[in-house]
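Please load the model and keep both the sequence and the coordinates in view. The walk below goes through helix packing, the chain contact and the sheets.

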Amino acid sequence: MFYKVLDDVKVVEYGNFISAPFCAKILADLGAEVIKIEAPNCGDITRRQEPFLNDSPGIESSGLFQYLNMNKFGITLNPETATGKKIFGELLKNADIFVENNSPKRMKELTLTYKDIKKINSRIVMTSITPFGQTGPYRDYKGCELIIAHMGGVGYVSTREGNKNKEPIKYPAHLFNFQAGLSAAAATMIAYYHQNMTGIGEQLDVSEQESVIQNMNSAVARYSYGKQIIARTDILDIAPAHILPCKDGYIYVGFVEESEWRRFVEVMGHPDWADSELFKDAWTRGRYWDALKHLMSEWTMEHSVEEIYRRSQEKGIPLGAIRTADQVLKDKQMAAREFFVDVENPQNTNLTYPGVPYRFSEIQRESPLAAPFLGQHNEEIYCDRLGYTKSDLSKLEEAGVV
Amino acid sequence: MRNSPLSGLRVVALTWVWAGPWMGAILADMGAEVIKVETNQRLDAQRTVKVCKDVGAGINHDQFNITNRGVKSCTLNLKQPEGIEIFKKLVKISDAIISNFAPRVMPNLGLEYDELKKINPDIILVTLPAFGSNGPDKDYVSYASTIEAVGGLSASFGYHGENPVLSGTYPADPIGSMYGIVGLMAALNYRTKTGQGQHVDIAQSEGVSTLIPEIIMEYVMNGRIRPRMGNRDEIMAPHGCYPCKGDDKWVAIAVGTNQEWDATRMIMGNPEWSKDEKFSDQFRRWQNQEELDRLIANWTKDLTAYDVMNKLQKAGVAAGVSLNVEELINDPHCKKRKVFVEQNHPVAGKTIVYRSPWTSALTATNPPAPCLGEHNHYVFKTLLGFTDSEIAKLIDKKVIY
């Protein structure tokens, strides 16, 4: 864990890939006991996802899996078997929170719907994360990062500098799967607070599509009040709000207030063209952006990213250095806040991982624990916790239950 | 709002633009009483900066009404000593303060955590600065795009083989909002157990970095910078967005397994080209994805995007329309799930808002966003006990302003 806050909270995770594991990671980082249930033999799908240490695949060496599952207990269990189902019930009986991201169909097959689980544990908070939620015509539709980015409306407006002949695109990596897991964690913590106060449980129906939609306020406002349908071509009515090339990389240059533009003109050494009528306000700069981009790029190309970033920020101008992973890892600000953490991993080399973005003034930060290897805590949970004997456990293993 | 998860909780919101307000709106959805403290001295930028033509509703208009729905608004000028005194009275009767102002603002007003806890010992303060409230760059200024740039997201965003570009949305802000809720709820749980209040400080840029571990770990593990890939995936193909019938209409298709590829071929009517050796397994499809994308686009271009999505989904293949905002709001699935709600704002009129990204039996729909100072009477008279004549004087002196 990073902070001992939820140390009396028991969580069962039956998740795969990103959204549910990330939701449960956030709870584990805050000290909750998270028991992650994986399928025997193959485990979570992210065990087989890039990046792998030294490009050598192995179920204990995926950086994505290791990150998503630090601070958790890991057990294997097959809930399709009768005994597996019984054990699952025993785990849920003692849990405060159950986090999962299986399809509604699959949960019904396993008799693990909220209705089923409520019979075992009436006060449980069940967080269900699926691409399109538990109800509605698309509830059984398949979704992945690509699909939810486009179905959530973000694809259609990406990128700002695109045009109609170029296809809408998604965000990098699995940003929206992660954002859905984060939203689910916020929902879960609110529901847990309520449960703690009143003893009342509930099912949280988290839709990844709706988690993407929360990014759409500008497009929805334009439609709501102006009946405008924003596409990739017509967002750029003001400028600059762009990324420009520098000597050694790229910089984000964007302003909301006119005074910011005027201060940036000074940073550029007040070139003559800056006084032209064509660039007198954000809208005319938008209209003549092609010309302005050329003029500004001439200057930015002569300077380094850091130089432009620092000089602008010192004058209170909100430019942003476009940082690649190596630069983020070296960032002095993040280092001063000790954001990145080294995790001791008995299975692997010690590696640096992103930490958590929050700091608590009254709670000491602790060191996180490495993600479990497949079935690492079977004995601890099945024998010490649930009272099975070691010979029971080996029989369960032979029978393919764990 | 009886039975709501957060009923009885009072939150003071020193919020503006997006990350703070959206956090407040969600807390309000969950039953908290969220009181936004605003001032004419410096209006919330979303009351003044407009994305669409002003329809005459002035400062009670536009994006502000989406991101601030459900909260209450009072006006208080914190540049005046009397304003600070009244603010402190509000702190005394509240559970938490949330703020996404720059980290220097609250200390400059004498409202840092150490001062606030003297007024209310178990108060929780949640701050959402761009880069954190400590460290050498803490006073650096930002918009969401700045945070996405510095957090490491923007460098990987763009078309395959091209320069990085800006997106049409700003996820850094709602990411900050959700982390804000996580931090607040953690602190509330801690307070329930120990009686101890807390300052929770959340760096939004770090928040962005926690959502892209593949990009960070690729460098840590293999020393590589992730290239920009547009819609492409590391292993899946086809995995793209294809043109459909109509003006600027597109459908996204993601095929992983051979079974999904066979289903896709069947829906396409088993064209001759699809039997080619070079598309026979996932790795070959991935290697030959450019050609594959052209051939699939040739199939989708005469069909509607909805048609392609529904047919492929019924065959077990992940596909989805690249929805524009109008299609999104009117989509049968979103309609059924009541994702978008039409509100009647007292000044701006018909306003479309969207609800929190989850539902449960206990969440509620909220009133429209407040007009500036709409709840002054409630806050200053009902909650804080000022008389009408005292309030009139405070308005005269531009303390309530």
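Is the crossing of H1(B) and H8(B) left-handed or right-handed? It is right-handed. Keep in mind that this is a predicted model.

Start with the geometry of that pair. Helix H1 of chain B covers residues 19–29, and helix H8 of chain B covers residues 172–194. Their axes come within 8 Å and cross at roughly 50°. H1(B) is therefore oblique to H8(B). From H1(B), the contact draws on B:Ala19, B:Trp22, B:Met23, B:Ile26 and B:Leu27. From H8(B), it draws on B:Asp173, B:Pro174, B:Gly176, B:Ser177, B:Gly180 and B:Ile181. Sorted by type, the residues of this contact are seven nonpolar, three polar and one charged.

Now turn to the contact between the chains. Chain B contributes 124 residues and chain A contributes 127 residues. On the chain B side, H8(B) supplies the largest share, 14 residues. The chain B side as a whole divides into 71 nonpolar, 40 polar and 13 charged residues.

H8(B) also has a helix partner in chain A. Two packed helices are described by the angle between their axes and the distance between the axes. For H7(A) and H8(B), the angle is about 25° and the axes are 9 Å apart. Angles under 35 degrees count as roughly parallel, so H7(A) is roughly parallel to H8(B). The crossing of H7(A) and H8(B) is left-handed. Residues of H7(A) in the contact include A:Gln179, A:Leu182, A:Ala186, A:Ile190 and A:Tyr193. Those of H8(B) include B:Ile175, B:Tyr179, B:Val182, B:Met185 and B:Thr192. The contact of H7(A) with H8(B) holds 14 nonpolar residues, five polar and no charged.

Next come the sheets. Strands of a sheet pair through backbone hydrogen bonds, either parallel or antiparallel. One open sheet has seven strands, in the order S3(A)-S2(A)-S1(A)-S4(A)-S5(A)-S6(A)-S12(B). Its pairing is mixed. Which strands stand at the edges? They are S3 (73–76) of chain A and S12 of chain B. Each has a single partner strand, so one side of each is left without a neighbour in the sheet. Helix H7 of chain A, residues 175–198, packs on this sheet. H7(A) touches S4, S5 and S6 of chain A together with S12 of chain B. The direction of H7(A) makes about 165° with that of S5(A).

Follow the pairings within the sheet. S1(A), residues 10–14, runs parallel to S2(A), residues 33–38, and four bridges join them. A:Val11 stands opposite A:Val34 in S2(A). S1(A) also runs parallel to S4(A), again through four bridges. There A:Tyr14 has A:Glu100 of S4(A) as its bridge partner. S4(A) in turn runs parallel to S5(A), with four bridges between them. A:Ile97 is partnered by A:Val125 in S5(A).

Look at the two faces of S4(A). Both are covered. A:Ile97 and A:Val99 lie on one side, A:Phe98 and A:Glu100 lie on the other, and all are buried.

A:Val206 stands opposite B:Trp358 in S12(B).

Chain B also has an open sheet of three strands, in the order S7-S8-S9, with antiparallel pairing. Its edge strands are S7 (239–243) and S9 (318–321) of chain B, and each pairs on one side only. Neighbouring strands of this sheet are turned by 20° against each other on average, direction ignored. S8(B), residues 250–254, pairs with S9(B) over four bridges in the antiparallel sense. B:Val251 has B:Val321 in S9(B) as its bridge partner.

Two helices lie across this sheet's strands. H13(B), residues 289–300, lies across S7 and S8 of chain B and runs at about 40° to S7(B). H14(B), residues 305–314, lies across S8 and S9 of chain B and runs at about 160° to S9(B).

Conventions: Residues numbered from 1 in each chain as written. Chains lettered and ligands numbered in written order. Predicted model: local features only at pLDDT ≥ 70, side-chain atom pairs only at ≥ 80, totals over all residues. Axes fitted to C-alpha atoms, helices over the stretch in contact; angles between N-to-C directions. Parallel < 35°, antiparallel > 145°, perpendicular 65-115°, else oblique. Left-handed = near helix turned anticlockwise from the far one by under 90°. Contact = placed C-beta atoms within 7 Å. Nonpolar A, V, L, I, M, F, W, Y, C, P; charged D, E, K, R; others polar. Pairing = 2+ DSSP bridges. Buried ≥ 20, exposed ≤ 12 C-beta atoms within 10 Å, placed from the backbone.
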